[in-house]
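Work through the exercises below with the sequence and the 3D view at hand. Each task is followed by a solution in steps.

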Amino acid sequence: MREAVAGRANVEETPELAEYYAAIDRLDAGALWTVANRIEPWEPASTSVPMLWRYAELRGHVLRSLELVTPERAGRRVVYLVNPGRREDVAAVGRLYTGLQVMNPGEKASAHRHSTSALRFIMEGTGAYTVVDGHKVTLGRNDFVLTPNGTWHEHGVEAGGSVCIWQDGLDIPLVNTLEANFFEVHPELAQPVSHPVDDTTALFAAPALRPAEGWDKPYSPLLKYEWAPTYDSLCRHAEVAEGSAFDGVLMEYVNPLTGGPVMPTIGAAMQRLAPGARTRAHRHTGSAVYQVAKGVGYSVIGGRRFDWAERDIFVVPSWMWHEHANASASEDACLFQFNDLPVMRALGLYREEALADGHQAA
Ligand SMILES: [Fe+2]
Ligand SMILES: [Fe+2]
(Lines give C-alpha, C1' and ligand atoms only; values in the text may rest on other atoms or scores of the structure.)
(Ligands and ions follow the chains in the order given, each with its own letter.)
Protein backbone atom coordinates (compact mmCIF):
# COMPACT_ATOMS: atom_id res chain seq x y z
CA MET A 1 0.00 0.00 0.00
CA ARG A 2 1.72 3.15 -1.27
CA GLU A 3 0.87 6.67 -0.15
CA ALA A 4 2.03 9.78 -1.97
CA VAL A 5 2.58 11.67 1.27
CA ALA A 6 5.95 12.85 2.59
CA GLY A 7 7.02 10.66 5.50
CA ARG A 8 4.95 7.67 4.35
CA ALA A 9 6.11 4.62 2.39
CA ASN A 10 5.86 5.18 -1.36
CA VAL A 11 8.24 2.80 -3.13
CA GLU A 12 7.62 1.86 -6.75
CA GLU A 13 7.69 -1.89 -7.62
CA THR A 14 10.63 -2.87 -9.86
CA PRO A 15 11.79 -6.30 -11.00
CA GLU A 16 14.93 -5.79 -8.93
CA LEU A 17 12.90 -5.05 -5.79
CA ALA A 18 10.57 -7.98 -6.44
CA GLU A 19 13.61 -10.24 -6.52
CA TYR A 20 14.88 -8.64 -3.31
CA TYR A 21 11.51 -9.11 -1.54
CA ALA A 22 11.44 -12.79 -2.57
CA ALA A 23 14.98 -13.33 -1.31
CA ILE A 24 14.33 -11.92 2.16
CA ASP A 25 10.90 -13.57 2.31
CA ARG A 26 12.68 -16.93 2.07
CA LEU A 27 14.44 -15.94 5.31
CA ASP A 28 11.09 -15.05 6.95
CA ALA A 29 11.89 -11.37 6.74
CA GLY A 30 10.39 -8.45 4.86
CA ALA A 31 10.88 -4.83 3.80
CA LEU A 32 9.00 -2.58 6.21
CA TRP A 33 8.11 -0.05 3.47
CA THR A 34 5.88 -2.67 1.82
CA VAL A 35 3.64 -2.96 4.90
CA ALA A 36 4.28 0.19 6.96
CA ASN A 37 1.26 2.17 5.75
CA ARG A 38 -1.02 -0.78 6.50
CA ILE A 39 0.30 -1.66 9.97
CA GLU A 40 0.62 1.97 11.03
CA PRO A 41 -2.65 3.58 9.91
CA TRP A 42 -3.12 7.32 10.35
CA GLU A 43 -5.74 6.61 12.97
CA PRO A 44 -7.36 3.51 14.50
CA ALA A 45 -9.50 1.61 12.00
CA SER A 46 -11.58 -0.86 13.98
CA THR A 47 -12.44 -4.15 12.33
CA SER A 48 -15.57 -4.21 14.52
CA VAL A 49 -18.80 -2.78 13.18
CA PRO A 50 -21.42 -0.98 15.27
CA MET A 51 -24.11 -3.48 16.29
CA LEU A 52 -27.32 -3.71 18.26
CA TRP A 53 -28.87 -6.93 19.52
CA ARG A 54 -32.59 -6.72 20.37
CA TYR A 55 -33.56 -8.49 23.55
CA ALA A 56 -37.04 -9.15 22.14
CA GLU A 57 -35.41 -11.28 19.41
CA LEU A 58 -32.86 -13.04 21.63
CA ARG A 59 -34.85 -13.75 24.79
CA GLY A 60 -36.83 -16.72 23.40
CA HIS A 61 -33.64 -18.40 22.15
CA VAL A 62 -31.92 -17.81 25.49
CA LEU A 63 -34.85 -19.44 27.34
CA ARG A 64 -34.89 -22.33 24.83
CA SER A 65 -31.34 -23.25 25.85
CA LEU A 66 -32.79 -24.24 29.25
CA GLU A 67 -34.39 -27.24 27.50
CA LEU A 68 -31.39 -28.07 25.34
CA VAL A 69 -28.39 -28.20 27.68
CA THR A 70 -27.65 -28.47 31.40
CA PRO A 71 -25.11 -26.24 33.14
CA GLU A 72 -23.17 -29.41 34.04
CA ARG A 73 -22.75 -30.36 30.38
CA ALA A 74 -22.40 -26.85 28.95
CA GLY A 75 -20.17 -25.51 31.74
CA ARG A 76 -21.93 -22.21 31.24
CA ARG A 77 -25.30 -21.98 29.46
CA VAL A 78 -24.71 -18.86 27.42
CA VAL A 79 -25.77 -17.37 24.10
CA TYR A 80 -22.86 -15.16 23.06
CA LEU A 81 -23.11 -12.06 20.89
CA VAL A 82 -20.57 -11.81 18.13
CA ASN A 83 -19.47 -8.94 15.94
CA PRO A 84 -19.38 -9.83 12.22
CA GLY A 85 -15.93 -8.24 12.04
CA ARG A 86 -14.60 -10.16 15.04
CA ARG A 87 -16.10 -13.65 14.65
CA GLU A 88 -12.85 -15.55 14.95
CA ASP A 89 -12.09 -14.13 18.39
CA VAL A 90 -15.74 -14.38 19.55
CA ALA A 91 -15.68 -10.70 20.38
CA ALA A 92 -18.75 -8.46 20.59
CA VAL A 93 -16.54 -5.47 19.84
CA GLY A 94 -12.78 -4.88 19.89
CA ARG A 95 -11.30 -7.14 22.56
CA LEU A 96 -14.49 -7.50 24.62
CA TYR A 97 -16.76 -10.53 24.87
CA THR A 98 -20.39 -10.56 25.94
CA GLY A 99 -23.15 -13.15 26.27
CA LEU A 100 -26.53 -13.86 27.84
CA GLN A 101 -26.54 -16.57 30.49
CA VAL A 102 -29.71 -18.23 31.78
CA MET A 103 -30.32 -20.38 34.82
CA ASN A 104 -33.29 -22.16 36.38
CA PRO A 105 -34.11 -21.84 40.08
CA GLY A 106 -32.05 -24.35 42.06
CA GLU A 107 -29.33 -24.63 39.39
CA LYS A 108 -25.72 -23.72 39.85
CA ALA A 109 -22.67 -23.79 37.62
CA SER A 110 -19.40 -25.42 38.65
CA ALA A 111 -16.77 -23.29 40.35
CA HIS A 112 -13.79 -22.29 38.26
CA ARG A 113 -11.25 -19.56 37.79
CA HIS A 114 -9.50 -18.04 34.80
CA SER A 115 -7.08 -15.32 33.74
CA THR A 116 -9.91 -13.37 32.18
CA SER A 117 -11.88 -10.89 34.25
CA ALA A 118 -15.65 -10.88 34.17
CA LEU A 119 -18.70 -9.03 35.29
CA ARG A 120 -22.37 -10.03 35.26
CA PHE A 121 -25.23 -7.59 34.87
CA ILE A 122 -28.59 -8.98 36.03
CA MET A 123 -31.32 -8.52 33.41
CA GLU A 124 -34.28 -10.42 34.84
CA GLY A 125 -35.30 -12.90 37.53
CA THR A 126 -34.85 -13.23 41.26
CA GLY A 127 -32.59 -15.32 43.47
CA ALA A 128 -29.37 -15.00 41.46
CA TYR A 129 -26.13 -15.19 43.39
CA THR A 130 -22.42 -15.47 42.77
CA VAL A 131 -19.72 -16.77 45.08
CA VAL A 132 -16.33 -15.07 44.61
CA ASP A 133 -13.41 -16.46 46.65
CA GLY A 134 -15.81 -17.53 49.41
CA HIS A 135 -17.82 -14.28 49.40
CA LYS A 136 -21.47 -14.91 48.51
CA VAL A 137 -23.11 -12.01 46.70
CA THR A 138 -26.89 -11.83 46.20
CA LEU A 139 -28.03 -10.15 43.00
CA GLY A 140 -31.12 -8.28 41.81
CA ARG A 141 -32.19 -6.59 38.59
CA ASN A 142 -29.64 -4.09 37.19
CA ASP A 143 -27.06 -5.06 39.82
CA PHE A 144 -23.70 -6.20 38.61
CA VAL A 145 -21.00 -8.30 40.19
CA LEU A 146 -17.29 -8.67 39.55
CA THR A 147 -15.46 -11.95 39.13
CA PRO A 148 -11.93 -10.66 38.67
CA ASN A 149 -9.01 -12.47 37.09
CA GLY A 150 -7.86 -15.38 39.27
CA THR A 151 -10.81 -15.54 41.65
CA TRP A 152 -12.69 -18.81 42.21
CA HIS A 153 -16.29 -18.18 41.27
CA GLU A 154 -19.57 -19.92 40.70
CA HIS A 155 -23.02 -18.69 39.81
CA GLY A 156 -26.43 -20.00 40.79
CA VAL A 157 -30.08 -19.24 41.38
CA GLU A 158 -31.72 -20.02 44.74
CA ALA A 159 -34.38 -22.74 44.65
CA GLY A 160 -36.99 -20.18 45.70
CA GLY A 161 -36.07 -17.74 42.91
CA SER A 162 -37.19 -17.50 39.28
CA VAL A 163 -35.47 -18.08 35.92
CA CYS A 164 -32.64 -15.56 35.76
CA ILE A 165 -31.00 -14.04 32.70
CA TRP A 166 -27.89 -11.95 33.02
CA GLN A 167 -25.31 -10.41 30.73
CA ASP A 168 -21.75 -11.66 31.06
CA GLY A 169 -18.98 -9.27 30.11
CA LEU A 170 -15.40 -10.50 29.81
CA ASP A 171 -12.01 -9.55 28.41
CA ILE A 172 -11.52 -13.00 26.80
CA PRO A 173 -10.41 -11.63 23.39
CA LEU A 174 -7.92 -9.28 25.08
CA VAL A 175 -6.36 -11.96 27.26
CA ASN A 176 -6.19 -14.33 24.29
CA THR A 177 -4.59 -11.59 22.17
CA LEU A 178 -1.99 -11.27 24.92
CA GLU A 179 -1.66 -15.08 25.03
CA ALA A 180 -2.03 -15.15 28.80
CA ASN A 181 -5.21 -17.17 29.34
CA PHE A 182 -5.39 -20.00 31.90
CA PHE A 183 -8.55 -21.83 33.02
CA GLU A 184 -9.03 -24.13 36.01
CA VAL A 185 -12.04 -26.05 37.26
CA HIS A 186 -12.33 -26.15 41.07
CA PRO A 187 -11.26 -29.60 42.33
CA GLU A 188 -14.48 -29.89 44.37
CA LEU A 189 -16.61 -28.27 41.60
CA ALA A 190 -17.91 -25.94 44.33
CA GLN A 191 -16.40 -23.72 47.00
CA PRO A 192 -17.53 -23.15 50.58
CA VAL A 193 -19.06 -19.78 51.49
CA SER A 194 -16.50 -18.64 54.05
CA HIS A 195 -17.71 -15.10 54.79
CA PRO A 196 -21.09 -13.61 55.81
CA VAL A 197 -23.41 -13.19 52.81
CA ASP A 198 -22.95 -9.79 51.11
CA ASP A 199 -20.12 -8.93 53.50
CA THR A 200 -18.17 -6.91 50.94
CA THR A 201 -21.20 -4.64 50.44
CA ALA A 202 -21.43 -4.08 54.21
CA LEU A 203 -17.69 -3.43 54.41
CA PHE A 204 -17.02 -1.29 51.36
CA ALA A 205 -20.22 0.32 50.02
CA ALA A 206 -20.46 3.18 52.53
CA PRO A 207 -20.62 6.43 50.53
CA ALA A 208 -17.34 8.38 50.63
CA LEU A 209 -16.13 6.50 53.69
CA ARG A 210 -13.04 4.32 53.57
CA PRO A 211 -13.06 1.45 56.03
CA ALA A 212 -9.93 0.53 57.98
CA GLU A 213 -10.06 -2.99 56.53
CA GLY A 214 -7.04 -3.71 54.39
CA TRP A 215 -7.25 -4.98 50.81
CA ASP A 216 -4.24 -5.80 48.70
CA LYS A 217 -5.88 -7.05 45.50
CA PRO A 218 -5.64 -5.19 42.17
CA TYR A 219 -9.45 -5.07 41.83
CA SER A 220 -12.28 -3.47 43.74
CA PRO A 221 -13.17 -5.10 47.09
CA LEU A 222 -16.76 -4.03 46.45
CA LEU A 223 -17.76 -7.05 44.41
CA LYS A 224 -21.36 -5.95 43.88
CA TYR A 225 -22.66 -2.64 42.53
CA GLU A 226 -26.36 -2.27 43.23
CA TRP A 227 -28.88 -0.53 41.01
CA ALA A 228 -30.83 1.41 43.66
CA PRO A 229 -27.95 3.55 44.99
CA THR A 230 -26.57 3.93 41.45
CA TYR A 231 -29.84 5.27 40.06
CA ASP A 232 -30.34 7.47 43.12
CA SER A 233 -26.87 9.00 42.62
CA LEU A 234 -27.55 9.67 38.94
CA CYS A 235 -30.88 11.38 39.71
CA ARG A 236 -29.41 13.50 42.49
CA HIS A 237 -26.56 14.53 40.23
CA ALA A 238 -29.06 15.43 37.49
CA GLU A 239 -30.97 17.68 39.88
CA VAL A 240 -27.99 20.01 40.24
CA ALA A 241 -25.90 19.55 37.08
CA GLU A 242 -26.42 18.70 33.43
CA GLY A 243 -23.47 16.37 33.11
CA SER A 244 -21.38 15.93 29.99
CA ALA A 245 -22.42 17.20 26.55
CA PHE A 246 -21.43 13.79 25.16
CA ASP A 247 -22.90 11.46 27.77
CA GLY A 248 -25.41 13.26 29.96
CA VAL A 249 -24.85 12.30 33.58
CA LEU A 250 -22.31 9.49 33.37
CA MET A 251 -20.84 7.98 36.50
CA GLU A 252 -18.07 5.44 36.54
CA TYR A 253 -18.20 2.53 38.92
CA VAL A 254 -14.97 2.65 40.92
CA ASN A 255 -12.87 0.78 43.39
CA PRO A 256 -13.93 2.60 46.60
CA LEU A 257 -10.42 2.35 48.05
CA THR A 258 -8.54 3.84 45.09
CA GLY A 259 -11.09 5.67 42.94
CA GLY A 260 -9.73 3.59 40.06
CA PRO A 261 -11.61 1.23 37.76
CA VAL A 262 -13.42 -1.83 39.12
CA MET A 263 -10.87 -4.18 37.56
CA PRO A 264 -7.49 -3.59 35.85
CA THR A 265 -8.78 -4.49 32.38
CA ILE A 266 -12.50 -3.65 32.49
CA GLY A 267 -14.19 -0.39 33.37
CA ALA A 268 -17.93 0.07 33.93
CA ALA A 269 -20.27 3.05 34.04
CA MET A 270 -23.94 3.95 34.18
CA GLN A 271 -25.25 7.05 32.44
CA ARG A 272 -28.58 8.85 32.62
CA LEU A 273 -30.09 10.68 29.70
CA ALA A 274 -32.70 13.21 30.83
CA PRO A 275 -36.13 13.10 29.16
CA GLY A 276 -35.72 14.36 25.58
CA ALA A 277 -31.94 14.64 25.92
CA ARG A 278 -29.72 14.32 22.86
CA THR A 279 -25.96 14.29 23.35
CA ARG A 280 -23.30 15.66 21.04
CA ALA A 281 -21.08 13.26 19.11
CA HIS A 282 -17.57 12.36 20.19
CA ARG A 283 -15.14 9.54 19.63
CA HIS A 284 -12.35 8.02 21.65
CA THR A 285 -10.05 5.05 21.70
CA GLY A 286 -11.46 2.08 23.59
CA SER A 287 -14.42 -0.19 22.89
CA ALA A 288 -17.68 -0.29 24.84
CA VAL A 289 -20.59 -2.70 25.24
CA TYR A 290 -23.82 -1.00 26.33
CA GLN A 291 -26.91 -2.47 27.93
CA VAL A 292 -30.10 -0.41 28.11
CA ALA A 293 -30.94 -0.52 31.81
CA LYS A 294 -33.94 1.80 31.52
CA GLY A 295 -35.95 3.63 28.89
CA VAL A 296 -36.10 4.00 25.11
CA GLY A 297 -34.00 6.00 22.68
CA TYR A 298 -31.41 5.72 19.98
CA SER A 299 -27.70 6.04 19.40
CA VAL A 300 -25.96 7.11 16.22
CA ILE A 301 -22.74 5.12 15.87
CA GLY A 302 -20.44 5.54 12.90
CA GLY A 303 -23.23 7.33 11.02
CA ARG A 304 -25.82 4.58 11.59
CA ARG A 305 -28.85 5.03 13.81
CA PHE A 306 -29.72 2.23 16.25
CA ASP A 307 -33.05 2.48 18.08
CA TRP A 308 -32.99 0.81 21.46
CA ALA A 309 -35.36 -0.31 24.20
CA GLU A 310 -34.79 -1.68 27.68
CA ARG A 311 -32.47 -4.74 27.73
CA ASP A 312 -31.11 -4.25 24.21
CA ILE A 313 -27.33 -4.47 23.90
CA PHE A 314 -25.24 -2.40 21.51
CA VAL A 315 -21.56 -1.75 20.92
CA VAL A 316 -19.39 1.22 20.04
CA PRO A 317 -16.08 0.31 18.36
CA SER A 318 -12.88 2.19 19.13
CA TRP A 319 -12.49 5.66 17.58
CA MET A 320 -15.99 5.65 16.11
CA TRP A 321 -18.27 8.68 16.39
CA HIS A 322 -21.21 8.12 18.70
CA GLU A 323 -24.02 10.08 20.29
CA HIS A 324 -27.09 9.09 22.29
CA ALA A 325 -30.67 10.30 22.52
CA ASN A 326 -33.56 9.66 24.87
CA ALA A 327 -36.72 9.19 22.78
CA SER A 328 -39.07 9.85 25.70
CA ALA A 329 -40.12 13.37 26.64
CA SER A 330 -41.21 12.30 30.13
CA GLU A 331 -39.05 9.36 31.27
CA ASP A 332 -35.29 9.23 31.74
CA ALA A 333 -33.12 6.56 30.09
CA CYS A 334 -30.13 4.77 31.60
CA LEU A 335 -27.30 3.01 29.79
CA PHE A 336 -24.97 0.60 31.51
CA GLN A 337 -21.63 0.02 29.83
CA PHE A 338 -18.48 -1.95 30.30
CA ASN A 339 -15.35 -1.08 28.36
CA ASP A 340 -11.60 -1.47 27.98
CA LEU A 341 -10.81 2.13 28.97
CA PRO A 342 -8.64 1.07 31.96
CA VAL A 343 -6.36 -0.69 29.47
CA MET A 344 -6.28 2.32 27.15
CA ARG A 345 -5.44 4.64 30.04
CA ALA A 346 -2.88 2.34 31.67
CA LEU A 347 -1.03 2.00 28.38
CA GLY A 348 -1.18 5.71 27.58
CA LEU A 349 -3.39 5.07 24.53
CA TYR A 350 -6.51 7.01 25.50
CA ARG A 351 -7.48 9.79 23.11
CA GLU A 352 -10.76 11.62 22.70
CA GLU A 353 -12.19 14.15 20.28
CA ALA A 354 -15.47 16.03 19.79
CA LEU A 355 -17.24 16.23 16.45
CA ALA A 356 -17.07 19.85 15.32
CA ASP A 357 -20.64 19.92 13.99
CA GLY A 358 -22.00 18.27 17.12
CA HIS A 359 -24.06 15.61 15.35
CA GLN A 360 -23.51 13.00 12.67
CA ALA A 361 -25.71 12.76 9.62
CA ALA A 362 -27.54 9.45 10.09
FE1 LIG B 1 -16.02 -17.63 34.86
FE1 LIG C 1 -18.25 7.90 24.52
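The exercises that follow concern a predicted model.

**Exercise 1. The metal site**

Task: Find which protein atoms are the donors of the iron ion (ligand 2), and describe how these donors are spaced along the chain.

Solution: 
- Step 1. A donor here must be an N, O or S atom within 2.8 Å of the metal.
- Step 2. Read along the chain, the donors follow the pattern H-x1-H-x37-H.
- Step 3. H282 belongs to strand β15 (residues 282-284) and H322 to strand β20 (residues 322-326), so this pair ties together parts that lie 40 residues apart in sequence.
- Step 4. Both H282 and H322 are buried.

**Exercise 2. A hairpin**

Task: Describe how strands β17 and β18 pair, and say what phi G302 takes in their hairpin.

Solution: 
- Step 1. Strand β17 covers residues 297-301 and strand β18 covers residues 304-308; they pair in the antiparallel sense over five bridges.
- Step 2. I301 has R304 of β18 as its bridge partner.
- Step 3. Two residues lie between the strands of this hairpin, and G302 has a positive phi near 55°.

**Exercise 3. A nonpolar surface patch**

Task: Which residues form a nonpolar patch on the surface together with Y20, and how much accessible area do they have together?

Solution: 
- Step 1. The patch is formed by V11, Y20 and W33, with about 260 Å² of accessible area together.
- Step 2. Y20 is placed in helix α1, and its relative accessible area of 40% makes it partly exposed.
- Step 3. W33 is also partly exposed, at 32% relative accessibility.

**Exercise 4. Aromatic pairs**

Task: How many aromatic pairs does the structure hold, and what is the geometry of Y20 with W33 and of F121 with F336?

Solution: 
- Step 1. There are 14 aromatic pairs in the structure. Among them is the pair of Y20 and W33, with 6.4 Å centre to centre and 0° between the planes. Planes under 30 degrees apart count as stacked, so this pair is stacked.
- Step 2. Y20 lies in helix α1 and W33 in the loop between α1 and α2, 13 residues apart.
- Step 3. F121 and F336 form another stacked pair, with 4.3 Å centre to centre and 25° between the planes.
- Step 4. F121 is in strand β5 (residues 118-124) and F336 in strand β21 (residues 333-339); the pair links parts of the chain 215 residues apart. Both F121 and F336 are buried.
- Step 5. F121 and F336 also belong to a cluster linked by ring pairs, together with F144, Y225 and Y253.

Notes. Residues are numbered from 1 along each chain as its sequence is written. Chains are lettered from A and ligands numbered from 1 in the order in which they are written. This is a predicted model: local features need pLDDT of at least 70, side-chain atom pairs count only at pLDDT 80 or more; totals for chains, interfaces and linings use all residues. Side-chain values use heavy atoms; hydrogens and water are left out. Donors are N, O and S atoms within 2.8 Å of the metal (3.2 Å for Na, K and Ca); water is not among the atoms, so sites may look incomplete. Helices (H or I, at least four residues) and strands (E, at least two) are DSSP runs, numbered from the N terminus. Buried means under 20% relative accessible area, exposed over 50%, partly exposed in between (1.4 Å probe, protein chains only). Patches are made of residues with over 30% relative accessible area and no salt bridge: like charges are joined within 9 Å, nonpolar side chains (Val, Leu, Ile, Met, Phe, Trp, Tyr) within 5 Å. Accessible areas come from the Shrake-Rupley method with a 1.4 Å probe; for residues, only the protein chains shown count as cover. A salt bridge is a side-chain nitrogen of Lys or Arg within 4 Å of a carboxyl oxygen of Asp or Glu. Two strands pair if DSSP finds at least two bridges between them. Rings of Phe, Tyr and Trp (its six-membered ring) pair if their centres lie within 6.5 Å; planes under 30 degrees apart count as stacked, over 60 as edge-to-face and the rest as tilted.
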